[in-house]
Every structure is written in structure tokens, then in C-alpha cells.
Amino acid sequence: MLNQKTINGRFLFIFFCSLILSLLLNSPLLAAEKAVGDNYILKADDIIFMQQDGIVLFEGSASFKTDDFEIKSDKFTVDTAAKTIVSEQEVVILSAEDNFYGSALYYNYGNEEGELYGGRGDLGELNFSGKIFKILSVSPIEAEIESAQITPCIREEPHYHYKAEKVRINNDNTMDIYH
């Protein structure tokens, strides 16, 4: 007959083995969940990979797409080590709620921060533009605009506009204006 110490010892041994086994089996699932945010698709008519530098050049209908947003330009460069996208041509950032346009872009897709130069876009019925959009997050969009102009007028050359030293676009699709 087994005594109480032997039964307790076997129970503890089985319990700890089960615990370790369940942690080991679930760790790939946890790692996969973390990696989902890093999924993106890159497309272009021409792609040039410079392996030694870790640089990829995308030309002709270049696109960087994630689940939450897409960056489009005729040409951009991706540094895979630094996780950056650089475009010196017209750029569009498309998301479910907002679209932003600019003349150039520097964006770090590792931390979702960057700068959109000569940016413009809209928030509800307000159209805005500015010299530099500091991108704080793209999913959802969050940015600060320096030297901003805001107007509800939809004309290319608006009848009137308001100028602000800084505008902050919040992740809840609201805007704070500082002058």
C-alpha cells in the first residue's frame, strides 16, 4: 500500500510536469499572436533587394500594406534592419477612417512613428494641411501637425482658412488646435 507521502509526491510531480508541458506547448501560440502585428505585404512593379545593406527599393505602384493601413507611392525604399520606409515622392496613407497625402515620407514601421512632409488630409468635414505631420501612430491614426491650416472649404484654394501653430489629431478621430 502507498503511504500519504508517496501519493502527495507523485501528485506534485505530475502537477509540475503538466504545468511545464502546457507552458511549452502554448509558447508557440503566444509567439504567433505577437507576430501578427508584424505582418505586412510589400508590392511594386520593380523590386530591387540589396542584401548586404538590407535595403529594398520599390518602384512603380509601390505599396506597403498591413491589416490596418496602406502606404502607397510611386517609389520608396525599405530598410529591413531599421524597419523604415522612405519616399521622396507623393505618398498616400490609407486607413479605414482616414487618408493622408504628402510630398515625402519617413516612417518607422517598427514603432509606427514617422514624418509626412507637405501633408494634407481631412477629418470629418474639416480639411487640413501642414508642413510636417509627425506620425505618432497609424492604427488608429494619431499625429501632430506643425504650421497647420484648417478649413471646411473643399476647394483646392479655399475661400478662407484658420492657421494654427500646431494641430493634434487624436486616436479617437478628434482634433486639438493650438495657436
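This is a predicted model: local features need pLDDT of at least 70, side-chain atom pairs count only at pLDDT 80 or more; totals for chains, interfaces and linings use all residues.

Mentor: Rings pair if their centres lie within 6.5 Å. By this rule the count comes to 10 aromatic pairs.

Trainee: Phe64 and Phe69 form an aromatic pair: stacked, edge-to-face or tilted?
Mentor: Their centres are 6.3 Å apart, and the planes make an angle of 35°. Stacked needs under 30 degrees and edge-to-face over 60. The pair of Phe64 and Phe69 is therefore tilted.

Trainee: Is Phe64 buried or exposed?
Mentor: Buried means under 20% relative accessible area. Phe64 has 1% relative accessibility, so Phe64 is buried.

Trainee: And Phe69, buried or exposed?
Mentor: The cut-off for buried is again under 20%. Phe69 is at 6% relative accessibility, so Phe69 counts as buried.

Trainee: Which residues form one aromatic cluster with Phe64 and Phe69?
Mentor: The cluster takes in both Phe64 and Phe69.

Trainee: Which residue lies over the face of Tyr178?
Mentor: A charge counts as over a ring within 6 Å of the ring centre. Here the distance is 5.4 Å, and the residue is Lys166.

Trainee: What volume does the largest pocket have, and which residues are closest to its centre?
Mentor: The volume is about 360 Å³. The lining has 15 residues. Closest to the centre are Arg120, Asn127, Phe128, Arg155 and Glu156.

Trainee: How do the residues of the lining divide?
Mentor: The classes are nonpolar, polar and charged. The lining of the largest pocket has five nonpolar, five polar and five charged.

Technical notes. Residues are numbered from 1 along each chain as its sequence is written. Side-chain values use heavy atoms; hydrogens and water are left out. Rings of Phe, Tyr and Trp (its six-membered ring) pair if their centres lie within 6.5 Å; planes under 30 degrees apart count as stacked, over 60 as edge-to-face and the rest as tilted. Buried means under 20% relative accessible area, exposed over 50%, partly exposed in between (1.4 Å probe, protein chains only). A charge sits over a ring if NZ of Lys or CZ of Arg is within 6 Å of the ring centre and within 35 degrees of the ring normal. On a 1 Å grid over the protein atoms alone, a cavity is a set of points where a 1.4 Å probe fits but cannot get out, and a pocket is an open set with protein on both sides within 12 Å along at least five of seven lines; lining residues have an atom within 4 Å of a point. Grid points are joined across faces, edges and corners, and a volume is the space filled by probe spheres set on the points. Ala, Val, Leu, Ile, Met, Phe, Trp, Tyr, Cys and Pro count as nonpolar, Asp, Glu, Lys and Arg as charged, and the others, Gly among them, as polar.
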